[in-house]
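Hi,

Here is the structure I said I would pass on.

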Amino acid sequence: MSKYSLQHTIRQGLNGLFHICKEELKMTVRDQGVLIFFLLVPLAYPLVYAFIYTNEVVREVPAAVVDENKSAQSREYLRWVDGSPDIHIVSHCADMEEAKLLLKQQKVYGIIRIPEAFSSDLASGRQTRVSIYADMSGMLYYKALLLANTEASLKMNKEIQIQRAGNTTDRQDEITVQPLDYEDISLYNPQDGFASFLIPAVLVLIIQQTLLLGIGLSAGTARENNRFRDLVPIGRHYQGTLRIVMGKSFAYLLVYAAVAAYILCLVPKMFRLVQLAQPGTLLAFVIPFLLACIFFAMACSCLIRRREDCMMIFVFTSLPLLFISGISWPGSAIPPFWKVFSWIFPSTFGINGYIRIQTMGATLGDVLTEYRALWLQAGIYFLLTCFFYRRQILLSRKHALARLQAYRKKRQNKL
């Protein structure tokens, strides 16, 4: 091949690449469905999630009390429970049936039952028992109820120990009730909050899912606009596999570079989530994640035949992907099959790597496994996308040739 023809081929390929990129960006603006998934959902969805969990923890959970003892000690115990920030006693019931009715009506989310022998058991040195009943439709209700009662019982235990110790000094009482001094430190989530725990994972998943939906919708539109339902149209700019894949992916990368900066940097800052990431480390990690998500979405979009197919195929996967990522459910408790299955999706490595970088201040060397996995995924899905688009180009040519032959045959018949 001569130098001139090589330059001409390169120039033609670059012209085709930028033409496809420009057309894909135009389509993003013109197609309302794609615009919603590429811009509106990434802009609004993180805010909705962050606003819902902005309080971080559940406070003042309404609770009912069934005090069968009605002694000074039982009232003191209940005052300590009600004085905690987690529980607010809103009703004193005569029996359990009345309390269960309030729980059923969701006027309260927990019941505290003090037995009739509460004070007599304590006076005689026997162990007594306080029963708590929680609405398990919300795990945080149970957590608040358990913490408040545990703290109240520990406090009452300390007072009982001091009373039974006899004539002792304050220092001796302190050692008696707490021989071992400990300090509770919450690493990487100082508020013990739900938002700091869950929102970073959701933010990463939003990027992958909106790319899947937006690119899938675009592919469905391209097929519906094509006479033969082909993904690739016939035209001089759509003759090469690389120019098509690179042109489309470059357009998506331009859009999602801004979207990712907003979702992964601005939203955590707006809601004061933990941010320990070094900008260079975060940027180096996000690049392979975006590329892996884009090529993964492009490969999956080749399976889409109609616009609505992507909604039925991809939307329901959001919750399962969040669970198998090892964040909302402990990774050590995930069965081996599902752990290996989760490696198919860029979100698994993206979520784990982003949380360690953003929340724990990890360096790129600390997340080297996730970093390499994302580059590997980007390479594999790039090759898979090229393979699918090459097949689509051949199908488009086959259908165009069949159409041309049919036209010629029809014309010959007329003659």
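Below are my notes on the salt bridges, the aromatic pairs and a few surface spots.

First, the ground rules. This is a predicted model, so local features need pLDDT of at least 70 and side-chain atom pairs count only at pLDDT 80 or more, while totals for chains, interfaces and linings use all residues. Numbering starts from 1 along each chain as its sequence is written, and side-chain values use heavy atoms, with hydrogens and water left out.

Salt bridges

A search of the whole structure turns up 9 salt bridges (a side-chain nitrogen of Lys or Arg within 4 Å of a carboxyl oxygen of Asp or Glu). One of them joins Glu24 and Lys248, at 3.0 Å from N to O. Glu24 sits in helix H1 (residues 3–30) and Lys248 in helix H9, so this pair ties together parts that are 224 residues apart in sequence. Helices here are DSSP runs of H or I with at least four residues (strands are E, at least two), numbered from the N terminus. Both Glu24 and Lys248 are buried; buried means under 20% relative accessible area, exposed over 50%, and partly exposed in between, with a 1.4 Å probe and protein chains only.

Another one pairs Arg307 with Asp31, their closest N and O atoms being 2.8 Å apart. That bridge links distant parts of the chain: Arg307 is in the loop between H10 and helix H11 (309–314), Asp31 is in the loop between H1 and H2, and 276 residues separate them. Arg307 is partly exposed at 24% relative accessibility, whereas Asp31 is buried at 10%.

For a local example, take Glu97 and Lys100, with closest N and O atoms 4.0 Å apart. Both lie in helix H4 (residues 96–104), 3 residues apart, or about one turn of the helix. Glu97 is exposed at 54%, and Lys100 is partly exposed at 43%.

Aromatics

The whole-structure search also gives 16 aromatic pairs. Rings of Phe, Tyr and Trp (its six-membered ring) pair if their centres lie within 6.5 Å; planes under 30 degrees apart are stacked, over 60 edge-to-face, and the rest tilted. Tyr49 and Tyr53 have ring centres 6.2 Å apart and planes at 35°, so they are a tilted pair. Tyr49 is partly exposed at 25% relative accessible area, and Tyr53 is partly exposed at 25%.

Phe51 and Phe271 are edge-to-face, because their planes stand at 90°, with the centres 5.0 Å apart. Phe51 belongs to helix H2 (residues 32–52) and Phe271 to the loop between helix H9 (241–270) and helix H10 (279–301), so the pair connects parts 220 residues apart in sequence. Phe51 is exposed at 55%, but Phe271 is buried at 15%.

There is also an aromatic cluster made up of Phe296, Phe337, Trp338, Phe341, Phe345 and Tyr381.

Surface and loops

Asp181, Glu183, Asp184 and Asp192 form a negative surface patch (residues with over 30% relative accessible area and no salt bridge, like charges being joined within 9 Å and nonpolar side chains, Val, Leu, Ile, Met, Phe, Trp and Tyr, within 5 Å). Asp181 is in the loop between helix H7 (170–177) and helix H8 (194–225), and it is exposed at 66%.

Finally, Pro233 is in the loop between H8 and H9, partly exposed at 33%. Pro233 and Met246 are 13 residues apart in sequence and 16 Å apart in space, C-alpha to C-alpha.

Cheers

How values were computed
Areas by Shrake-Rupley, 256 points an atom, 1.4 Å probe, with all protein chains shown as cover. Lys, Arg positive; Asp, Glu negative; His and termini not counted. Charge placed at Lys NZ, Arg CZ, Asp CG, Glu CD.
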